[in-house]
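Biologist: Can you walk me through this model? Keep it short, please.

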Amino acid sequence: PEHLVDYDLTRPIRPITGMRQGLPNYGDPHFALFLRKVFIKALGYSEDALSRPIIGIINTFSAFNPCHANVPQLIEAAKRGVQLSGGLALEFPTISIHESFSTPTSMFLRNLMSMDTEEMIKAQPVDACIMIGGCDKTVPAQIMGGISANKPVLPLITGPMMPGSFRGDRIGACTDCRNNWAAYRGNEIDVEDISGLNEELAPTAGTCGVMGTASTMACLTAALGLIPLRGGATAPAVSSARLRIAEQTGSNAVEAAISKRTPQHILSEASFHNAITVLQAIGGSTNGVVHLLAIANRHPEVQGKITLQTLEDLGRKTPLLVDLKPSGSSYMTDLHNAGGMSALMQTLRPLLKLEALTISGQTLGEVLDADPFRPFPFSRQIIRSLDDPLHPASSLCVLRGNLAPNGAVIKASASKYRHLLSHRGRAVVFAGPADLANRIDDPDLDVDADSVLILQGIGPIGFLNPGMPEAGLVPIPRKLAAQGVKDMLRLSDGRMSGTAGGSIVLHISPEAALPESVLGIVQNGDMIVCDVEKRVLEIELSEQEIQRRIADRKPRLEGTKESRGPSERKRQPTRGYRGLYERCVNQAEDGVDFDFLVADGARACTT
Ligand code: FES
Ligand code: MG
């Protein structure tokens, strides 16, 4: 029999796949293979099973991750798909990250998860790997790791949760978490209402049911060509359609393993062009920008070619078509029922690069031509046509100016009070989240509806909590909320949940924690100008005054002069993963990845 060859010392180990992959060669590779088979056989596998293409399935189930609660069923369905197609499915765990259970921030852990994913895919003898993810940071972490590992990888999305219902209104995490909480803070609803809502906002397993970061990343993964267009991004977590996607992913994985279709082979500048076009058309999460940049910078041929400028340029050509919260009014299940990503991509077709490859081996154009469900969409309410958009262009805009020399991002389509998008106002500055919590509701806070609320110290490194906490949605001071103020211009170096809306400028770079940051030297009363139309974010200070303040602050950051506040504290060296993070993380415009993990990361290790 074929397998006896494996133990024949007179023949070299055949350089093919499965259990023979990556054998440690400490002098006797035959023994290494012999040992490996000894141990895998402890699990009951036969030589026949072990001779098949081996498909790893990454299990990210965790009792702390309700967005991944359906992972066990997805694994079962994916295994079925693998085995029906003649492969052997072997599952293994990596870490799992949920937004609400990841102190200090989930973003702090994204790069750790990407390293876990990359190294386990590389270490183990898998011919291809299905990566099950869903919650915000998990999908980008897996794609980043998958690109770097560069074996065939197939994302499998857990899928969105169903909407809930409260007193006859549909509700869903987490746009409705935020607007109801704001209503409670403004005394519009009472404590009984808010506790009733708490029971219904996340009524099933799955990811947040609006166009938040998880839904955004699912749609971008489809736009990149890595998952099936039909249902891959949008089928609900608790639907039978989601299980069929899992089964299909299993069989696609065997095919991708045999064809050796790796992410570095599939993905190109054209794929990222399509993903950014989709990001703009869905009114996607601002977090999608950071993740896409990080993903692009893992690819040796794309690194540095996809930038904030690409987002800005494609945004100007791309209308907002998808009517989902927070930019619109519907839920992911509605998008799925309207034809999902197939329908959207058919609608966007004139704006897409059809030559981009997909995981199936076909180009995007071939996939769209072959879609049996044309013409799309089923509802023009949810997916509008190119000539009847919700917002003409530039759902996400990139701002620059002396306050954000390396860029800042605003989701203009999620601002309902559009006068704030062209605004000049007095800065009210908070030095980090603790300072904000202490003072925002102080009745004596010197603030009015025209003030610009500035939160420093929530960037990639931050003053206190690393990982760009989603604190960019600075709350409206209680005394103004009580007067009916619903929105104000708010600026920070942090992120905002994809489920949130408002006139919020994010990702200001360089972040306030860095000595050269202009955001770090803003003081109460400085005049701020934000003009989204002109893409400008300025502080009305002379260049001379800016440089004087930076030079004045620097010795306090270095600890050679006494600090006057939390924005000027000397950074203490930190041990462990946090120390690694603080030393190596790059800024928002580069994706907040570690400098040694990007495609040319070897450079960072030699300098
Ligand atoms: Fe997991 Fe929203 S918390 S997707
Ligand atoms: Mg989120």
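Modeller: We go from the whole chain to single residues. This is a predicted model, where local features need pLDDT of at least 70, side-chain atom pairs count only at pLDDT 80 or more, and totals for chains, interfaces and linings use all residues. Residues are numbered from 1 along each chain as its sequence is written, and chains are lettered from A and ligands numbered from 1 in the order in which they are written.

Biologist: How many helices and strands are in the chain?

Modeller: There are 21 helices and 14 strands. Both are DSSP runs numbered from the N terminus: helices are H or I, at least four residues, and strands are E, at least two.

Biologist: And how compact is the chain?

Modeller: Its radius of gyration is 25 Å, close to the 25 Å that the globule rule gives for 607 residues, so the chain is as compact as a globular protein of that length. The radius is taken over C-alpha atoms, and the rule is 2.2 Å times the number of residues to the power 0.38.

Biologist: What share of the residues is buried?

Modeller: Of the 607 residues, 53% count as buried. Buried takes 20 or more other C-beta atoms within 10 Å of the residue's own, with C-beta atoms placed from the backbone.

Biologist: Which residues touch the most other members of the largest nonpolar core?

Modeller: Ile-55 and Ile-130, in a core of 170 residues. Such a core is a set of buried Ala, Val, Leu, Ile, Met, Phe, Trp, Tyr and Cys residues joined through C-beta atoms within 7 Å.

Biologist: Now Ile-97. Where is it found, and is it buried or exposed?

Modeller: Ile-97 is in the loop between β2 (88-93) and α4 (106-123). Ile-97 is buried, because 27 other C-beta atoms lie within 10 Å. Leaving aside neighbours within four places in sequence, its contacts (C-beta atoms, placed from the backbone, within 7 Å) include Leu-109, Met-113 and Cys-135.

Biologist: Switching topic. How do α5 and α12 pack?

Modeller: Helix α5 (residues 138-149) and helix α12 (residues 286-296) pack at about 10°, with axes 9 Å apart. Axes are lines fitted to C-alpha atoms over the stretch in contact, and angles run from 0 to 180 degrees between N-to-C directions. The two helices are therefore roughly parallel, a label for angles under 35 degrees.

Biologist: Which residues make that contact?

Modeller: Pro-140, Ile-143, Met-144 and Ile-147 of α5 meet His-291, Ala-294 and Ile-295 of α12.

Technical notes. A residue is buried if 20 or more other C-beta atoms lie within 10 Å of its own, exposed if 12 or fewer, and partly exposed in between; C-beta atoms are placed from the backbone. Two residues are in contact if their C-beta atoms, placed from the backbone, lie within 7 Å. Angles under 35 degrees count as roughly parallel, over 145 as roughly antiparallel, 65 to 115 as roughly perpendicular and the rest as oblique.
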